[in-house]
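Please read these notes with the model open beside you. They are written as numbered points, so that each can be checked in turn.

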Amino acid sequence: MALLQSSSSEVRGLALLFHPLAMNSSRHWFRLLRSSGGIDRSGWIRSVAITAASPLWAPLRLTEEVLYGRRVRETRVHPSPVFILGHWRTGTTLLHYLMSQDAGFGSISLFQTLVPASFLSARRALGPVMRHFVPAKRPMDNMELALDLPQEEEYAICNLCGQSLYVGWYFPRRMRELFHKTVLFDNTPPEAVEEWKRVYLGVLRKATLHAGGRPLLLKNPANTARIPLLLEMFPDARFIHIHRDPYAVFRSTQRLHRSVYDMVGLQRVGDGEIQENVLHIYRELMRRYLETRDMIPAENLVELRYEDLEQRPLEELERIYATLRLPGWEAVRPCMAAYMAARRRYVKNIHTLSPGDIARVREQWQFAFEQWGYSHPGG
């Protein structure tokens, strides 16, 4: 979702054309706008660019429907997708990148999430152009980024309908409301839930068609609280949940929110509101996960610590493959070992917490420390 920022006025103008909402339908844009609560002055230029640019993409969406519409609707998603779950900044991307070295999986690419309504027909024409607007690394954590690397399908849902938490990246003052409405589905009307399921299945069908029918490897932190719905759609799905030291998650997630708002947001929120949202969303997301994880058959769920994945990745990956009965471990092991070897040059951001932040995390997330055995500073 990170589009390149540049000092060149020409490139900045093109980057506005490639704002994620600008690449999707005007109808969707105006629907979001009506429920947004207003756009701040800082978002005016982006909103004008989205309004002007979104009609330009309509021919691509029509072409997609003509060329691929029937094939997509007839595509059957493999009944055993693998869902990577876990709160943001817990290592879900590292695990996703690692397991994507296995060519037996299909995945959803960054390109698909940006233009979900037209990526099958537009990838050859648009891909070379859009590569110029995607940075080599994600701004929040220095992980590599590219159009063909796997990405969270939540971005694709967000760019197709309003039933997504990530609408909050554009309208951050709605973030908590959207979390309850589209992740926890608290008091969400049945027709809105059905819209989410329909759009999600459409995204997965396109990815499956593109992947030649291979089972999908999907990473989406928002899905951590959607286990009942995912099992309703895919009773034989496999799940991997990864968790991390809550203090590291807290500080890094705040940075994530601020980074994304600055890149694509149409509203401004203060650091205090970001902090309260992070505290609230983590608490409710993880509680819902703990309440519903027993719905997953034991042989279809693996839980791991981010710290263990970093320290002994191949052992943890072998455990995942064995527990979930995934084929081909010996064949893919060298690819994953090579990926980890190349990653030795990766430098993580260093995050520090104030005593006040430590106290707030300790107070609101104590259950997580107890559940997964993390210790407090000095404790």
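**Notes on the predicted model**

1. Arginine 325 is partly exposed, with a relative accessible area of 42%, where buried means under 20% relative accessible area, exposed over 50%, and partly exposed in between (1.4 Å probe, protein chains only). Arginine 325 sits in the loop between α16 (313-323) and α17 (329-342), and although it is not a glycine, it has a positive phi of about 60 degrees. Most residues other than glycine have a negative phi.

2. This is a predicted model, in which local features need pLDDT of at least 70, side-chain atom pairs count only at pLDDT 80 or more, and totals for chains, interfaces and linings use all residues. Residues are numbered from 1 along each chain as its sequence is written, and side-chain values use heavy atoms, with hydrogens and water left out.

3. Phenylalanine 185 also has a positive phi, near 55 degrees, in a residue other than glycine. Its place is the loop between α10 (175-182) and α11 (190-210), and at 16% relative accessibility phenylalanine 185 counts as buried.

4. The secondary structure comes to 19 helices and four strands, where helices (H or I, at least four residues) and strands (E, at least two) are DSSP runs, numbered from the N terminus. With 379 residues, a compact globule would have a radius of gyration near 21 Å, and the 20 Å of the protein agrees with this; the radius is taken over C-alpha atoms, and the rule is 2.2 Å times the number of residues to the power 0.38.

5. Buried residues make up 57% of the 379 residues. The largest nonpolar core has 75 residues, of which Phe83, Trp169, Tyr200 and Phe239 touch the most other members; such a core is a set of buried Ala, Val, Leu, Ile, Met, Phe, Trp, Tyr and Cys residues joined through side-chain atoms within 4.5 Å. Apart from it lies another core, of 26 residues, among them Leu98, Leu314, Leu324 and Met336.

6. Which residues does threonine 113 touch, not counting residues up to four places away in sequence? They are Ile108, Gln151, Glu152, Tyr155, Ala156 and Asn159, where contact means heavy atoms within 4.5 Å. Threonine 113 lies in helix α6 (residues 110-114) and, at 1% relative accessibility, counts as buried. Between threonine 113 and proline 20 there are 8.6 Å in space, C-alpha to C-alpha, although the two are 93 residues apart in sequence.
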